[in-house]
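Visitor: I'd like to learn how to read a model like this one. Could you walk me through it?

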Amino acid sequence: MASNSSGDSSSRHQTARHRLSVIAGHLQRPADSNAAVLAVECKAQGTTPNIRTGVRSEGRTVPRRRQEIMKWNGWGYSDSRFLFNKKGQAEFTGKRYRLSGMIIPGLKDWLESTFGASLQHKAPATPILNSSAVQPPTVNEAFVEELRSTGVPFSHEAEDRVFRSHGHCLHEIFALREGKIGRIPDMVVWPNCHNDVVKIVELACKHNVCLIPYGGGTSVSSALECPPEETRSIVSLDTSQMNRILWIDEKNLTARVESGIVGQDLERLLNESGYCTGHEPDSMEFSSLGGWVATRASGMKKNIYGNIEDLVVHIKTVTPRGVIEKSCQGPRMSTGPDIHHFIMGSEGTLGVVTEVTIKIRPMPEYQKYGSVVFPNFEQGVACLREVAKQRCAPASIRLMDNEQFKFGHALKPQVSSIFTSFLDGLKKFYITKFKGFDPNHLCVATLLFEGDREKVLQHEKQVYDIAAKFGGLAAGEDNGQRGYIMTFVIAYLRDLGMDYYVIGESFETSVPWDRVLDICRNVKARIVRECKDKGVQFPPLSTCRVTQTYDAGACVYFYFAFNYRGLSDPVHVYEQVEHAAREEVLANGGSLSHHHGVGKLRKEWMRETVSTVGMGMLQSVKDYVDPNNIFGNRNLL
Amino acid sequence: MASKVVYSHRDPMLKKRDDFEDMLEERRTTSDLRYALKCYTPALYKGLTPCKSSELKNMVLQSDQLLYVINQLSKETGTSTDEIEAEASAILEEMAHRLQLSTVRFFAFALSKVFKTVFRSICVNEEGIQRLQQAIQEHPVVLLPSHRSYMDFLLMSYILYTYDLALPVIAAGMDFMGMQIIGEMLRMSGAFFIRRSFGGDKLYWAVFSEYVKTMLKNGYAPVEFFLEGTRSRTAKSLTPKLGLLNIVLDPFLKGEVFDVSLVPVSISYERILEETLYARELLGVPKPKESTSGLFKARKILSEDYGSIHVYFGQPVSARSLAEGRVNRSQFNLIPRHIPRKPAEEIQDFVNDSAYRLVRAQEENMVLKPWVLLASLLLQNQAAGNKQGMQLEELTDQAVWLRDLSRQFGAFLHWPDNIPPSKVVSCSLSLHQSLVRISEGRVQLTLEQGGRAEPGLPLPAVTPEEELLNRAVIILSCASYRNQALHVFIRPALLASALHAASVNRKQEIFNTFSFLRNMFSDEFILRPGAEVQDFEEACYLLVKSGALQINQQQVLVTDRGHRTLAFLTSILDPFVQGYQMVCRFLCEEATEGLTEKRFVPAVRKFITKHLLSGRLKYAEVLSSDLQKNALAALLRLGAVQRLRGRGEQGALKVNTVMVNSLEDTLGGKLPTQKPVAARL
């Protein structure tokens, strides 16, 4: 959906509104009555936001009690989920997303034909958390006493603790659905500001308590899992209430933000002032600024705005040794190795990021989606490579392989008119019959352009011209936009799959250009072979897409899922396959991770990734900063 | 010493092998013409990007790999890249195949006619064909047939055409190209031609390897080549050559394909077309140059009976599973893959090891005919000095005993059990009338020039040397049949010889001697480097199972009934032991300053002839240049002989007399195995 409102940005307020409609475009269903969507309507919380900087605004997305709006054993909001209605049609509930309340007619067939799943075979989740399954907390009385005197809120409640004991790895969610709960934090604290964090860390050091920072809880690297061998009291430090924008500096185009703010709130609040960060990871609804810093996150639109390491100007972190920060906000420094790089990617092993100065940009005037169909994946990759070579990548460019293209099709909501379906049929006919594309080989690139209107149109032409050289056909804005919608709902879809014996997950890597095709082919084939070897009864879904382009390579995302009926220990099989797939990634010149991080899931490969000396360097930093392993989540090293 | 090692080998007797079908049967009943013109629609590789052979050449010439080498060479030599490119293009033109279905159809027709006349049957395991068909669709396939005859590759294409499988492209030696029309016809039936040696020529290597890799990666066609590099003149498998295997494994190792299926194919001939030709070549009568007219002269072959052929398509071996846990593929991450690099040691070891495994897989599925056993027995009898030959009944008895033994050792023996043994024996003998005759109930080799004028043999000899040569032709021909079974017996035979030589019972010492012998003969037989302990355990296992030995913690004891087995096994290895000793003695006694590798064979042959004529040596097969060369290779490898560089083209040889002498004595059992062997049990 292109935002067509005029480029006349006379008033900032108008720009803000415009910008919101853009975000709403891929997060939310269009508002029925009002053409310009208000910020309020984007999110579930109904209260009017207060945008005075420096003051906590009410109506943030994430309340202290997450359980009020979010699922305890699945992805996202409690009110939004896929289900099969009485007619056996797939439907997405709730009101939050564009897809909400819609029927998705193709999903059932896709699920059945891709996985051999059947609506008759259901694997329902445990509906409510059984508190008796939760181990009673190990309480460090002295710590709790002193903490109480500081006035920082905390909780020992089972629900609060369970919520902060996991990220969204398959094994974590699978266990929750089965009502199995392992080692979880013994208490949760909600600091309100940097100084609260300083107090908490001091007390933790004093009483030898293990701290695990918790931001948005969207980790997919087992980073939030409590080490089962940990005997100390584990305290989950939830930053979600540190969610203010402290100031906006329009001269330097920076903003000082508390680390607990989640992506959608940050964008919304900045938008109200006419700015954005442009950092939009797929998890941006729930993931937090501090989490991005701690995992070296990457956003969909990094081609314009950069990845987190390009966006961050200043970081304040509380460690057991004290607070670490730079003394100035110079845009670049030659002062030895950049201490920010010890913090970025430290995955909560060194301390808690409390405040970040981040670059901001004026909101783009114009945004346009697009898509290109290629006869095959090879041509698509060649096109992306050329686009990267000419350094003319749009804000986002993603190439889906054939399986994902089909998957995208299955997610098409019910069309409203006969005319649209007729048009669809015509398009399909044109591409497959007239242009001779094999529907089992063709693949689609989705595009997102951003900037001022004229430049966007020019840019668009340039990209489509390159695509044409590789046999690409422009395939319309709708297809492009649908691709980006899929990003936000795909996590919900996994929960649906799990209701019907289908488990799966995605993982990512980055790889030099000359290896892209090889790694895609080999990793997908490896997944298929491993599933077969491990006794999976049905052919798995093994698919990939190229999601980011760089000068020297690309980021590749793999999705894999299978029907686990007939397996006695599906999670174990799943983990073995994922392990093999990662080995294959590394053998084919891929990195251990592009942006998900290492956590505990990929720790075993760290040494070969960064060399023994490299490990020693990281270890010595850890030993100096946190000699008693207060930040004891045991990620990374 | 851990003799309580659990024997992990599968029982060789339980080895599951497929059944055979005679593919000539249908040819004898239906029209050859219709067959040659049949609809041919093979299943193809699923990732195939269809292209013509001209496009293929372009892909090769445009490849990063080749362009890189061309640029490098241009910088080194100052020649313009255009010139080098033209040169590359010419090399490719000379090399490339021009596979045409019409030519294949012609061959299908012509070969049907020939095969039906010459062979009784061509038996193929159809399950293997089915596995192959599956494999071709899944991954790029490399066909690795054994190489015993010129027939091999035509036969392979003939079979694949018959079963509607994708026709392979075949790496063939340049010498075929000498055969004018035939050379071109072979090219059109899928052969591509490579020079026999191009060691230093970077451009040639780049074109060649890129050509093969491109065909493999694109799934253009199965790539076929002979691991042994050349036809084995002795019917023993040859030490594998690694060049082409390196090339076909490279795309997998570098991640350019998910996997490569390596399919060992065992082709066994009941009677080899080149039988006496090989023997004479080994004796120094030079090999006739391949020529079309020569081929026509060979047409007298058509009037003879060459029995049957068995072709066994083995289990496809996945390159991926071979490399699993052995090769760290991420070693290719840090240098662009198109820059040629000498393979790391890890890779070389892996390729070498894989090559041995594949050759052993070929050996295992070689069909042995009863005649192979008879030849072994007759040769031993002959060497024992029984000029009169053997009584037919005695031969039959011994053959039955040997049949049972070889089966216990896992041989793929085709002995029809529903026919009385005497019948089996006489049938086998009758097919090999040129080598063996029965007179007055006694079976003997046709050593004396009797009434029959042997085709292909010169007229009755005059001098003793000539007579010896004529006898040696027969003996070497027979030996080539015995050799077919050597892979079955070699490990137990090494153990038996070690027992014999060590003359003690201590297991460790026997292992040391076993290792010594194994090491000595590792150019002669297929013995996988580094597998001493495994081989020793396999030998122990087989001999214990057959009741010849009893082995406890420390000792190896021969049972009463074991003597016969051990004697047979020792005798099977004896010609080689004595042959190597002979070579050692020659080097000590007669090697002069100026001995070169080129002059080595004639000189040692003369030396051996002298010993044979004087009766000090009984094995005429020691005259085989193959054995002599292998012995020299072993001595070079062990450092007992050195190549001196820089003295003319043919490196001169420098003999370490003390070491050669002691090796000879150790072989003869006069000295205990000296060197402490690194591998402990």
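Visitor: How many residues of chain B are in contact with chain A?

Guide: Some ground rules before that: this is a predicted model, where local features need pLDDT of at least 70, side-chain atom pairs count only at pLDDT 80 or more, and totals for chains, interfaces and linings use all residues. Residues are numbered from 1 along each chain as its sequence is written, chains are lettered from A and ligands numbered from 1 in the order in which they are written, and side-chain values use heavy atoms, with hydrogens and water left out. Contact means heavy atoms within 4.5 Å. By that rule, 14 residues of chain B touch 13 residues of chain A.

Visitor: What area is buried between chain B and chain A?

Guide: Buried area is the accessible area (1.4 Å probe) that two parts lose on being put together, summed over both. Here that comes to about 1100 Å², with carbon and sulfur atoms giving 34%. Phe258(B), Arg329(B) and Arg337(B) supply 48% of what chain B buries against chain A, more than any other three residues.

Visitor: How many salt bridges cross the interface of chain B and chain A?

Guide: You look for a side-chain nitrogen of Lys or Arg within 4 Å of a carboxyl oxygen of Asp or Glu. The rule finds 5 across this interface. Arg337(B) forms a salt bridge with Asp514(A), their closest N and O atoms being 3.4 Å apart. As for the side of chain B that touches chain A, its residues divide into 3 nonpolar, 5 polar and 6 charged. In that scheme Ala, Val, Leu, Ile, Met, Phe, Trp, Tyr, Cys and Pro are nonpolar, Asp, Glu, Lys and Arg charged, and the others, Gly among them, polar.

Visitor: Is Lys369(B) buried or exposed?

Guide: Buried means under 20% relative accessible area, exposed over 50%, partly exposed in between (1.4 Å probe, protein chains only). Lys369(B) is buried yet has no salt bridge; Glu270(B), the nearest side chain of opposite charge, is 4.3 Å away. For charge, Lys and Arg count as positive and Asp and Glu as negative, while His and the chain ends are not counted. Leaving aside neighbours within four places in sequence, the contacts of Lys369(B) include His310(B) and Leu413(B).

Visitor: What about the backbone?

Guide: Most residues other than glycine have a negative phi. Tyr501(A), not a glycine, has a positive phi of about 65 degrees, and Tyr501(A) is partly exposed at 24% relative accessible area. Ala235(B) has a positive phi too, near 70 degrees, but Ala235(B) counts as buried, at 7%.
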